[in-house]
Amino acid sequence: MQTRKLGYSDLHLTMVGLGTWAIGGPWQWGWGPQDDQESIRTIQEAFDLGINWIDTAPAYGVGHSEEIVGKAITGRRDEVIVATKSGIVGNPNKPGTTMRKMDAAGIISEVDNNLRRLNIEVIDLYQIHWPIPDEMIEEAWGGMAELVKVGKVRYIGVSNFSVEQMKRVQPIHPIASLQPPYSMVRREIEDELIDFCAANEIGIVVYSPMQAGLLTGKFSQERLASLPDGDWRRTNDQFKEPRFSATLALVEKLRPIAERNGKSLAQLSIAWTLRLPAITSAIVGARRPSQIVETAAAGDWNLSPEDVAEIDTLLDWHTAQLS
Ligand SMILES: NC(=O)c1ccc[n+]([C@@H]2O[C@H](COP(=O)([O-])OP(=O)(O)OC[C@H]3O[C@@H](n4cnc5c(N)ncnc54)[C@H](OP(=O)(O)O)[C@@H]3O)[C@@H](O)[C@H]2O)c1
């Protein structure tokens with residue numbers, strides 16, 4: 001699979017990375033029940049397909065996702081770049097929920113829990129999960145920089161940060177990467193974040209490129225109604241009307257473009273995010289081996305300028321439906 005260099009770092013990421021939020025299983029922001037053995041098979045399938053990096057977080061399943069990743073990479077550590085996060089951790093007083101830990105001492109002590117769950121000696125990319133509270137980001141970033149100095153972390157990045165927030169922390173230690181949302185129906189990063197990152201040698205690893213499954217062509221009103229109670233998508237704005245129906249209609253308009261290329265809609269939505277060279281990689285979630293078998297192939301599909309132009313027209317149509 002094609003790779004791109006992550007910002008100023010020496011990490012070369014495959015253009016599709018595996019996301020492991022859903023693999024965390026049930027918790028406050030879970031995706032409903034998940035079978036751990038199937039999760040491990042999914043992760044190993046991703047590596048077999050040539051995907052060389054994985055994204056997790058202590059929040060996902062309140063530590064469970066990291067533990068599953070740790071099990072799945074046993075014996076294959078050298079093949080894989082491991083990215084995880086800081087700043088949101090399990091709340092010991094309320095099982096199944098999380099809390100913020102953004103003080104430098106908390107960031108520094110928590111990394112040992114990441115390392116233990118992942119069963120590794122060093123984290124390749126450690127990212128602040130959310131810039132909340134805003135006034136703590138310099139303090140948290142100072143703790144992150146300390147972890148690079150002591151060798152527990154190779155590179156540090158941020159997630160969900162604005163340009164203004166990145167400018168505040170960049171003088172403390174260079175930012176290796178930004179992890180923002182990006183999909184055909186969430187294009188906010190095009191306003192200024194992409195240009196800022198490109199100009200400052202900051203890699204971009206985008207999340208939810210299939211808008212949590214909504215752009216795969218396999219979502220429907222019936223599917224939404226049958227999601228289990230614990231699935232966060234039941235209450236998310238993207239899955240509410242009128243947006244939900246407008247996006248399903250968009251997907252049907254996109255279908256012929258995927259079909260004439262002999263590809264699936266899931267592959268189209270991921271390849272579209274990768275059309276810009278400033279995007280290092282797309283983090284693609286999967287909870288079954290068959291899902292990543294389908295989506296990994298998007299990492300080798302370079303969309304033609306004609307397809308990109310046609311998609312742009314359809315995305316304008318989608319925006320107009322909602323304005
Ligand atoms: N930094 C952050 O704040 C943040 C936020 C969100 C995500 N992320 C990261 O980004 C990763 C990816 O984002 P995401 O998981 O939210 O969204 P996504 O990659 O757009 O969608 C993943 C979901 O789509 C469905 N799916 C996957 N492959 C499919 C296929 N071939 N056909 C049909 N459906 C398929 C699966 O759910 P079902 O089978 O249940 O439909 C899967 O869980 C996460 O796992 C996480 O690592 C980070």
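Let's start with Asn160, which lies in the loop between β9 and α5 (163–169). Helices here are DSSP runs of H or I with at least four residues, strands are runs of E with at least two, and both are numbered from the N terminus. The phi of Asn160 is near 65°, a positive value in a residue other than glycine. Is Asn160 buried or exposed? Buried, with a relative accessible area of 14%. By buried I mean under 20% relative accessible area, exposed is over 50%, and partly exposed is in between, with a 1.4 Å probe and protein chains only.

Before I go on: this is a predicted model, so local features need pLDDT of at least 70 and side-chain atom pairs count only at pLDDT 80 or more, while totals for chains, interfaces and linings use all residues. Residues are numbered from 1 along each chain as its sequence is written, and side-chain values use heavy atoms, with hydrogens and water left out.

Okay, Ser208 also has a positive phi, about 55°, although it is not a glycine. You'll find Ser208 in the loop between β11 (203–207) and α7, and Ser208 is partly exposed, at 22% relative accessible area.

While we're on the backbone, there are cis peptide bonds to show you. One runs from Ile132 to Pro133, with omega near -5°, and Pro133 sits in the loop between β8 (123–128) and α4 (137–149). Another joins Glu241 and Pro242, where omega is about 5°. Pro242 has its place in the loop between α7 and α8.

Now zoom out. The protein has 11 helices and 12 strands, and its C-alpha atoms fill a box of roughly 50 × 40 × 40 Å along the principal axes.

The largest one has 78 residues, and Ile43, Met166, Leu254, Leu268 and Ile311 touch the most other members. Leaving aside residues up to four places away in sequence, Ile311 touches Met184, Leu254, Ile257, Leu268, Trp272 and Leu303. There's a second, separate core too, with 12 residues, including Trp53, Ala83, Leu125 and Val205.

On to the aromatics. A search of the whole structure finds 10 aromatic pairs. Rings of Phe, Tyr and Trp (its six-membered ring) pair if their centres lie within 6.5 Å; planes under 30 degrees apart are stacked, over 60 edge-to-face, and the rest tilted. The rings of Tyr8 and Tyr155 have centres 5.9 Å apart and planes at 75°, so that pair is edge-to-face. Because Tyr8 is in the loop between β1 (3–5) and β2 (12–14) and Tyr155 is in strand β9 (residues 153–159), the pair ties together parts 147 residues apart in sequence. Tyr8 is partly exposed at 28%, whereas Tyr155 counts as buried at 14%.

The rings of Trp21 and Trp232 have centres 4.8 Å apart and planes at 15°, so they're stacked. This pair also links distant parts of the chain, 211 residues apart: Trp21 is in the loop between β3 (16–19) and α1, Trp232 in the loop between α7 (221–225) and α8 (243–260). Trp21 is partly exposed at 23%, while Trp232 is buried at 12%.

Last stop: charges over rings, where NZ of Lys or CZ of Arg is within 6 Å of the ring centre and within 35 degrees of the ring normal. The charged end of Lys253 sits over the ring of Trp317, 4.5 Å from its centre. Arg275 lies over the face of Trp272, at 3.8 Å from the ring centre.

Note on methods: Core = buried A, V, L, I, M, F, W, Y, C linked by side-chain atoms within 4.5 Å. Contact = heavy atoms within 4.5 Å.
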